Amino acid sequence: MEKTLIRIHPVSDPEAVYFLQVSWEKDVSSGFGIILTDGERAWTGTVSEAEISREAADMEMNREKYVEELKKALILGEESAGKYNFTVSVDEENAQCHFSYERNLRDGSFRLGSLKLQKVPCPADVVRELIGYCLDCLGGLQVKNEHLQKENERLFCDLSDVEKRLEKCVEAKEELEGDLYNRFVLVLNEKKMKIRNLQKLLNEAKESAVDT
Amino acid sequence: KAPDLSNVNKVSSMFEDVEFCVMTGMGRYSKSELESRIAECGGSVVQNPGPDTYCVIVGAENVRVKNIIASNKYDVVKAEWLLQCFQSKMLVPWQPAFMIHMSPETREHFAREYDCYGDSYTADTDVAQLKEVFSRVKDNKKMPLDLIAELEERYSWNSCKLCIFRGNTIYVDYYAIINKPSTKIHGTRLSIRALELRFYGAKVVPLLEEGVSHVVIGEDHSRVKEMKALRRMFGKKFKIVSELWVTESVKEGVPKNETQFLI
């Protein structure tokens, strides 16, 4: 069972804050459950796989595309970008709440879905569960964060260790090269000096041959 | 004390009429063993060197050996030479590596045949001999990179895969403030690039000044403007390239043309 919790501001009352929890098994496209609460009251409802298909067909929309839109609206909470609108109208008499969500377009909007939610008799239980869910999430994230931080530190240590070793290798290579070239040049110059001496001897011999 | 060599079997005559004085043995070969093997090859052995002694053989040096050296009258030769003679069954010519000490005459002879590092003027050398010769070079100076670059150019060694960046003077953009090495940004890929540049022959400098041929830049382009301003004042213009120039050149083993990496 997967869950997400987002915060929404209905267009009818932008000041009000509602919390929307969507829960589903494996994939949203096979139906999902909704819990809506303003902290004092809570309502609940479900959207079945068949209803999703029907809504998509009503809008003459590809089902997959429709599910993508649903995810953006209800799970990722792209409301803040002004892309999706929510309306919440509470019907106290029938212990119901009418909830609808729509995609905002430049010239108007189109309704993605609407449903009647039933009032939950004990909203405190719902709020407790939501807070519990948030704390669990927070704990999980903290553990993950710590783990990643440690991993990061370890990688950084490894990197600087390898860098130091590489630097030593480079230094050793430079030193070896400089040293070998130095020795090579000294030995090479000895040979050249010998050649110069032999040339001198040859010239002297030539001169003395001319003289005689 | 002189060993009794009266009943050795002569196996060779390579040392016929040659007189040796063995001072000390070495490793598996004791002094007396070396002496009897000399006798087997027709040589004679004395306990103190005299006017007819060809050379003094030494395995391990001791006080007596030091005295012989100080007298400067005899050639003092390592026992390894003797072992090589036995092995090749011929009189192996002396080489500088065998000589612990040389008499003045031998020294003169060697000066004609070998340079002062013991490398022969006429005989070909090989890796092992050259290593020996190099080990006798006591001058431990390190050749500077620009001289190495010149040398490699002269002998056409500059196509070697380790010389990709030879002759280039490179400033790496890993200082938060240009020309301020104390502001080095640690743990970036650029410091690895700098090591790669050095490994493949470049001269990596901490200051962006006249004479720099390339500046290598990473993802952070915040200092490029300042560098270009600096470049306008330089007589010799440097190229500003992305670090990809380094990785691509290393990957292909040749310096890549900078134009497609310019910033």
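Among contacts in chain B between residues at least 6 apart in sequence, what percentage join residues at least 24 apart? The figure is 60%, where contact means heavy atoms within 4.5 Å.

Hello everyone, and a word about the model before we go on. It is a predicted model, in which local features need pLDDT of at least 70 and side-chain atom pairs count only at pLDDT 80 or more, while totals for chains, interfaces and linings use all residues. Residues are numbered from 1 along each chain as its sequence is written, chains are lettered from A and ligands numbered from 1 in the order in which they are written, and side-chain values use heavy atoms, with hydrogens and water left out.

Let's stay with chain B. Chain B has nine helices and nine strands; helices (H or I, at least four residues) and strands (E, at least two) are DSSP runs, numbered from the N terminus. Of its 263 residues, 44% count as buried. Buried means under 20% relative accessible area, exposed means over 50%, and partly exposed lies in between, using a 1.4 Å probe and protein chains only.

Now please find strand β8 of chain B, residues 214-217. Are its faces covered or open? Both are covered: B:H214 and B:V216 are buried on one side, and B:V215 and B:I217 are buried on the other. Two strands pair if DSSP finds at least two bridges between them. By that rule, β8(B) runs parallel to β6(B), with three bridges joining them, and B:Y171 has B:V215 as its bridge partner. β8(B) also pairs in the parallel sense with strand β9 of chain B, residues 239-242, over four bridges. There B:V215 turns up again, with B:I240 as its bridge partner.

Next comes B:D173, in the loop between β6 (169-172) and α7 (189-199) of chain B. B:D173 counts as buried, at 3% relative accessibility. Its side chain makes a polar contact with the side chain of B:R223, at 2.7 Å. A polar contact is a pair of N or O atoms within 3.5 Å; within protein, one must be able to donate a hydrogen and the other to accept it, and residues adjacent in sequence count only if both atoms are side-chain atoms.

Over to chain A, and strand β6, residues 96-105. Why is β6(A) described as largely enclosed by the rest of the structure? Because seven of its 10 residues are buried. On one side of the pairing, eight bridges join β6(A) to strand β5 of chain A, residues 84-91, and the two run antiparallel. Here A:V90 has A:C97 as its bridge partner. The hairpin of β5(A) and β6(A) has four residues between the strands, and A:A95 in that hairpin takes a positive phi near 55 degrees. β6(A) also pairs with strand β7 of chain A, residues 108-119, in the antiparallel sense over 10 bridges. A:Y101 has A:G113 as its bridge partner in β7(A), and this second hairpin has two residues between its strands.

Most residues other than glycine have a negative phi, and most peptide bonds are trans. With that in mind, look at A:E60, which has a positive phi near 55 degrees. A:E60 is in the loop between α1 (49-58) and α2 (63-75) of chain A, and is exposed, with a relative accessible area of 75%.

Finally, let's bring the chains together. How many residues does the contact take from each chain? It takes 26 from chain A and 32 from chain B. About 2,800 Å² is buried between them, with carbon and sulfur atoms giving 64%; buried area is the accessible area (1.4 Å probe) that two parts lose on being put together, summed over both.

Between chain A and chain B there are five salt bridges, a salt bridge being a side-chain nitrogen of Lys or Arg within 4 Å of a carboxyl oxygen of Asp or Glu. A:E174 forms a salt bridge with B:R198, with the closest N and O atoms 3.0 Å apart.

Last stop: A:N182, in helix α3 of chain A, residues 123-211. A:N182 is buried, with a relative accessible area of 9%. Not counting residues up to four places away in sequence, A:N182 touches B:D139, B:N140, B:K141 and B:M143.
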